[in-house]
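Please keep the structure open beside the text as you read.

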Amino acid sequence: ITAARLNNQELNDLSQTLSAILNNSPSINNIVDPHIIGGMKLRVGNNVFDNSVNYQINQLKKTLHNM
């Protein structure tokens with residue numbers, strides 16, 4: 001999931017990187033969600049890796065709230 005659609009080169013680069021890490025050829029489906037602001041959410045199997053700007057802002061809010 002990205003904030004804007006990835007172009008063909010970006011999809012190809014992502015596919016090559018994931019292929020090297022996962023030792024297989026992944027199927028990539030680019031979903032656009034402008035609410036994540038920037039960055040990317042990546043789902044591999046049942047695991048979700050969230051490196052979106054929205055997630056980082058929420059983590060910062062939690063940290064500041066607990067001070």
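This is a predicted model: local features need pLDDT of at least 70, side-chain atom pairs count only at pLDDT 80 or more; totals for chains, interfaces and linings use all residues.

Residues are numbered from 1 along each chain as its sequence is written, and side-chain values use heavy atoms, with hydrogens and water left out.

The protein contains two helices and two strands, and its elements follow the order α-β-β-α from the N terminus. The radius of gyration is 14 Å, well over the 11 Å from the globule rule for 67 residues, so the protein is more spread out than a compact globule. That radius is taken over C-alpha atoms, and the rule is 2.2 Å times the number of residues to the power 0.38. Helices (H or I, at least four residues) and strands (E, at least two) are DSSP runs, numbered from the N terminus.

Now to the strands. β1 and β2 run antiparallel and are joined by four bridges; pairing requires at least two DSSP bridges. Leucine 42 has phenylalanine 49 in β2 as its bridge partner. Two residues separate the strands of this hairpin, and glycine 45 in the turn has a positive phi of about 65 degrees.

| Strand | Residues |
|---|---|
| β1 | residues 41-44 |
| β2 | residues 47-50 |

Along the principal axes, the C-alpha atoms fill a box of roughly 45 × 25 × 15 Å. Of the 67 residues, 13% count as buried, meaning under 20% relative accessible area with a 1.4 Å probe, protein chains only.

Technical notes
Buried means under 20% relative accessible area, exposed over 50%, partly exposed in between (1.4 Å probe, protein chains only).
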